[in-house]
Each structure stands twice: as structure tokens, then as C-alpha cells.
Amino acid sequence: MKILSKDKVERVLDKLAESAEVFVPLSRANSSGFYSWKTRNPEKEQLMLETLNVYLSPKNVGFPQTEKMYSIIQSGTEAQIKETFEDSSPRIIFGLRACDARAIRCLDDVFLTRGYEDSFYKARRDNMVLIGQACYEPGPNCFCQAMGVDPLEPEVDIVIRDCGDKGYIWETKTPKGEELTTSISNLLEEKELKAPEAKAFQTQVDYEGVAEKLKGMFEHPIWEDLSSNCQNCGICTYVCPSCHCFDIQVKSWGEEGYRFRCWDSCMYGEYTAEAGGGNPRPTTKERFRNRFLHKLEFFSERYGYPLCTGCGRCIVACPTGINIVNIINEVKEASVDV
Amino acid sequence: MKEISKKVKEIASRLLSEGQVDVFLAWEKGNQDYLTRPLVVRSAEEAERIVFDEYSIHNLSNYLLKFRDGNEKVGLVVKGCDSRGVIRLLEDNQFSRDRLYIVGVCCPGMKDPLKAIKRNSGLLQNIPDDDKADKCSNCAYPNPLIYDELLGSEQEPNVKGERQAKIQEIENMSPDERYEFFRENFERCIRCYACRQACVACNCRVCIFDEMRPQWVGRENNETDNMMYHLVRAYHMAGRCVECGECERVCPVDIPLMLINSKLAKDANEFFGPYEAGIKYEEGSKPALSVYRLDDPDEGFM
């Protein structure tokens, strides 16, 4: 089997960065996320391959928080598109975990299937290679397995498996991965290593039947109670690797301008504000309910699997301690005859 | 602390069963030692869930905004900083005093549950295991300034002075250096608006950042729009921020928002003071910069 020894990781990243933008898990300014390897400040920022994961997901690589779409020029009553900013430059995400890889599959399904291909997402995604890292030791807030994700088999082009000091097992899974492996094969070794034993999950939750049960719970009093301490910020939606709502807006000056899209959050009142002044989700309860129904019911109905990948980030980030695992448990236990 | 927790539970239970309040705001325990979270209680039975412990850090006065429309009487627990939030809402006419039953707790300083969960998450490095939350190291008012019932023994202020020293350092920077300092910090902003949502002084019914026609602040996550968001919010905080520190505590990307708010509080005091926001409730009194007079000596304010 192919092995990447740990002292060669940086060389591999340097090599890959010659022909693509390589996003790696890095600590940065008291936080952490996937950042371009070329922008790393080695004095301040560490590669975080041996921690559980990073705080900000790799969602922004294929789906940036702000993405310029096209510029416009106005002449009289007509507007013309001056330039379109589809960005197909090659990108690699290195070291993403199975939960985040599943989240990218969610985005793929949303942006590329069911009759419409989003050309901006497609341009970025077509030239993207995913190098995933298998997880053998779930963290205190991890529950990916319960959401149908196999932490040992991320859905990616290449999987690396951390065997301690001896290095990473390097497993190529797809033709895209094959091409990348060939380009750095001189940095890999041929050796036999045994992958570590997977440890048990600390967080247990049973999602079985939840999507089905939620169908009859839209008006259930549980939402009032569960949402009562939500402060309606957008942290959960922005740290979430799979939340993908966006808004399209325009900036213009004189006869020029551009359209862009930017992440939006169903937690905001403005998200459902209507032109006539109405709002079908006027309070926290309706917004909160929508978010969890989308995660646990609506997406499952459309795509056959949930939109929550069990990464646990929202649990860590919520300022008021709202925990999606508790919500699943409460839904399970709720009586539906009320 | 256990004694206080027991008393809070008793008070809530009494107020709810006697019908003195319809709702009581306190805390309950989550599934970790360090997880204490806000709780909205509506019956004496539910009051059994109430706890008050060293992680009861959230400013519950912010939750009053959920009840401002309507006639429900609301009971709540406030620490010193939170009580200033209640005064903020009373001064802003967001609540009438007779709808409130305020249980004050003299606060010895809290620990931050968010820091604790982050430290144990495996997602972040080098999060110190501080004895007290950052905001509690800048506490000038540990004892409630408005209450109907007071628990615990009076506490000494705990102002370590680090924040003030940092403000001084920024004041001494050149304009370019200062710009760079804030640019670097605001660059990280993900525009989740958690700072606004956790803020009791942010009680506008329609926030300027949500207005669409006209749209005052762009939605792009870039230097210009992020800077615009934070500067506009800062101006709105001048003379209004009660320095509870919740904005900075909840920020998911660690932006030092209290450096801005405390600087503005300092300026409000120097220019229009002596003044500190929300330290004394007098019916009809208004925060500095909230008074409009036809004979204002400065035309700019007319």
C-alpha cells in the first residue's frame, strides 16, 4: 500500500500547491478552518491534521460566503452582462473528515441535481479534488454515524488514514484521485501499515424514524419549548458544513454594477420578509422549526438522507446551548396525539 | 451558589403558583458539567428544572425582548451586569417596571460555558482554562442595581484593567495602524449577527442591517461591508452599551468587540458625562445621546 510519511506532508502540500489552491485545516487567530496552504503564516498557524476537526467547515471552498456572479452595464433601459465570474481554477481540499465530505455531497445534490445545474458551483466543483481523512476517535459532540455517515470511509477521491508516527495510509478511490496520486507518487512510499482500531462514539442518538415522525409535528407544541432560549443569531447556520441558503443581491453605481450571492440564514427575519411587508416566519419559533425540519425532515424527503451530518459544530458554537442531539431525542420521545 | 440556586427555584415556584408572574427566566443544566443554558419557565412544575451556578453567565435581560409585546408579567434573575440591561430596556420604554419581578443575585463572577465546550471540542487550540470569564475580569458592577429581591452577599468590583490598557494602546496608534488593527479583526467576521442578537441595547424593532429599502449596509462579506456593519453598530452603542460583554463572549470568531464598546462608553462619559449607561433607574430618564432638544447648541443634532 501507499504511505505518506508525516515528515513529507508539507512537501506534498507544497507540490500540490504548485498547480492548485490547496485548502488545509489550519489554526488561525484563535479560531480554525480550511485555509489556503499558500496563505499560511508558519510562525502563527499550525496544520490541524491531528486534532478532531476544525471550527469552520470547508463549505466555503465550493460555496464561498460571498461570490461575485456577473457584472452589468446599463445603456438606456437595457442592461447587458459584461463579464461572468465562474471560477473553475483547480482546488484541493486536504484532510477533510467524513462529516464534511458528506456535507459536500449534500451541496452537490442541491446545486447539481434534480433538473438544474448551478454553473457557479459546478465550475468550482468540477475542478476540485477531495482528500479525506478517516476518523478513528470520535469527539465529545460527534454523531456522524447516527446520521448515516461512515467516519472511516469519507466520500472523497483519496482517503488518508493516520497510523501515528509511521505515517498515513494513502488510498486512492477515484480516477480524479488517481491523477493526483500520480503527480506526487515520488513522495509516497510502498509499505504495509495497519490502520488503527476505531473507538466508540461518546454521543449516542437514534435518528431512525425521525424524518417520518416529523411529518406530523409541524404544529406540535414542542417547537415553542425547544426554541424558547434561541437568540436567533446565525452562528449555527454559518458553522454548519451543509447549510446552503444564499441570497442574490446587486451593487451598482451609475451605469455599472455587479450581482453577487452571499450566504443567508433561515434564522434571520429578513430571510422570509415579503415585499408587501408580511413575514410567514415572524418569530424565533417558526425560524427554529424550519431549520430543524430542513435538517431532519425536508431534505430527507427530497434526497433520501438527512442534511445534518453529525459534525457537532453547532453544538459547540451555540451561545445558548441548543443541541441538535437533544432535539432529535425530544422528537423521538414526543407524543404526537396532542 | 447551591443555596442561591435553591432560593431562585423557590422564588420562581412561588411567583408562578401565586400568579404573580406568567413567565420566569432562569437557567437549567445541559448534558455537561459546564453547560448551563437559559430557561423559560411557565409553571411551578417546570421551575424544578431551574439552576443557578458558576456557568449562569447569559444576560437574561435580552430575553425580555421576546415578551415586550403583550401583558405577561415576567420574572427573571439578574446579576449586576444583567440588571443594567433591565435598566436599559426600562429607559428605552421597551418594558414597564410593573410587568417585571426582578430577582437580583450579587455575582462573584462567572465561568464561560462557551469557552469550556470549545476547549473540549477538539476543534480549537489554546483556549485557556480561565478561572473567570473574560467579561467578569472587567466587572465594575457585580451587584444588581435594580431588583425586587436580592440574593447573595455583596461582591467587590473586579476590574483588572487589561481592557483599559488595550484601549489606551489603540488610542496611541497612528490612524493607519488603528485602521489595520480593526480591519484585521473585522476581516474574520462571518456576519452571523450573534453580537446584535445577544445585545440588550440592540432592541430596535427593525434593525438598520435588516432594512432593504433602502439597504444601508451591503451583505457582502468583505472589508467594506464588514467594517460598515461594525462601525454603524458601534455608533449605535455609544452611550447605550451597558458593558455586559455578551457580544464579545458569543462572537464565534473572537472579535474584541468590547474594546470598541468600552472606548465609546469612555468617550460618552468624557464628552457628555459624568455618565454611565444603565446604572440608575429613574422614571423618564434617558441615556446620553438619546435626548433631542430644540435648543440643542449643536446644529448638527437638529
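## Basis of the description

The structure is a predicted model, in which local features need pLDDT of at least 70 and side-chain atom pairs count only at pLDDT 80 or more, while totals for chains, interfaces and linings use all residues. Residues are numbered from 1 along each chain as its sequence is written, chains are lettered from A and ligands numbered from 1 in the order in which they are written, and side-chain values use heavy atoms, with hydrogens and water left out.

## The interface between chains A and B

In this model, 46 residues of chain A are in contact with 40 residues of chain B, contact meaning heavy atoms within 4.5 Å. The two chains bury about 3,700 Å² between them, 51% of it on carbon and sulfur atoms; buried area is the accessible area (1.4 Å probe) that two parts lose on being put together, summed over both.

Between chain A and chain B there are 24 residue pairs in polar contact, both residues being at pLDDT 80 or more. A polar contact is a pair of N or O atoms within 3.5 Å; within protein, one must be able to donate a hydrogen and the other to accept it, and residues adjacent in sequence count only if both atoms are side-chain atoms. The count of salt bridges between the two chains is 3, a salt bridge being a side-chain nitrogen of Lys or Arg within 4 Å of a carboxyl oxygen of Asp or Glu. A salt bridge joins the side chains of E270(A) and R219(B), at 3.0 Å from N to O. On the side of chain A that touches chain B, at least two residues each are supplied by β3 (31-36), α8 (235-239), β11 (246-253), β12 (256-263) and α10 (313-317), and α10(A) gives the most, with 4 residues. These helices (H or I, at least four residues) and strands (E, at least two) are DSSP runs, numbered from the N terminus.

## Salt bridges within the chains

Over all chains, a search of the whole structure finds 53 salt bridges. In chain A, the side chains of E50(A) and K6(A) meet in one of 3.0 Å, N to O, and this pair links distant parts of the chain, 44 residues apart, with E50(A) in the loop between β3 and α2 (59-62) and K6(A) in the loop between β1 (2-4) and α1 (9-19). E50(A) is exposed, with a relative accessible area of 58%, whereas K6(A) is partly exposed, at 24%; buried means under 20% relative accessible area, exposed over 50%, and partly exposed in between (1.4 Å probe, protein chains only). Also in chain A, a network of salt bridges links E67(A), D87(A), R91(A), D118(A), R124(A) and R261(A).

In chain B, E171(B) forms a salt bridge with K266(B), the closest N and O atoms being 2.7 Å apart. Because E171(B) lies in helix α4 (residues 162-171) and K266(B) in helix α9, the pair ties together parts that are 95 residues apart in sequence. E171(B) is partly exposed, with a relative accessible area of 27%, and K266(B) is likewise partly exposed, at 30%. The side chains of E180(B) and R183(B) also meet in a salt bridge, at 2.7 Å from N to O; these residues are 3 apart in helix α5 (residues 175-187), so they are separated by about one helical turn. E180(B) is partly exposed at 33%, whereas R183(B), at 17% relative accessibility, counts as buried.

## Two buried loop residues of chain A

N53(A) is found in the loop between β3 and α2 of chain A and is buried, with a relative accessible area of 7%. A polar contact of 3.4 Å joins its side chain to that of D100(A). Leaving aside neighbours within four places in sequence, the contacts of N53(A) include F34(A), R97(A) and R313(A), together with G122(B) and L123(B) of chain B.

G310(A) is placed in the loop between α9 (284-303) and α10 of chain A and is buried, with a relative accessible area of 2%. Leaving aside neighbours within four places in sequence, G310(A) is in contact with N141(A), C142(A), F143(A), C144(A) and M147(A).

## A nonpolar patch on chain B

F271(B), F272(B) and L289(B) form a nonpolar patch on the surface, with about 330 Å² of accessible area together. Patches are made of residues with over 30% relative accessible area and no salt bridge, like charges being joined within 9 Å and nonpolar side chains (Val, Leu, Ile, Met, Phe, Trp, Tyr) within 5 Å. Accessible areas come from the Shrake-Rupley method with a 1.4 Å probe, and for residues only the protein chains shown count as cover. F271(B) is found in helix α9 (residues 257-272) of chain B and, at 60% relative accessibility, counts as exposed.
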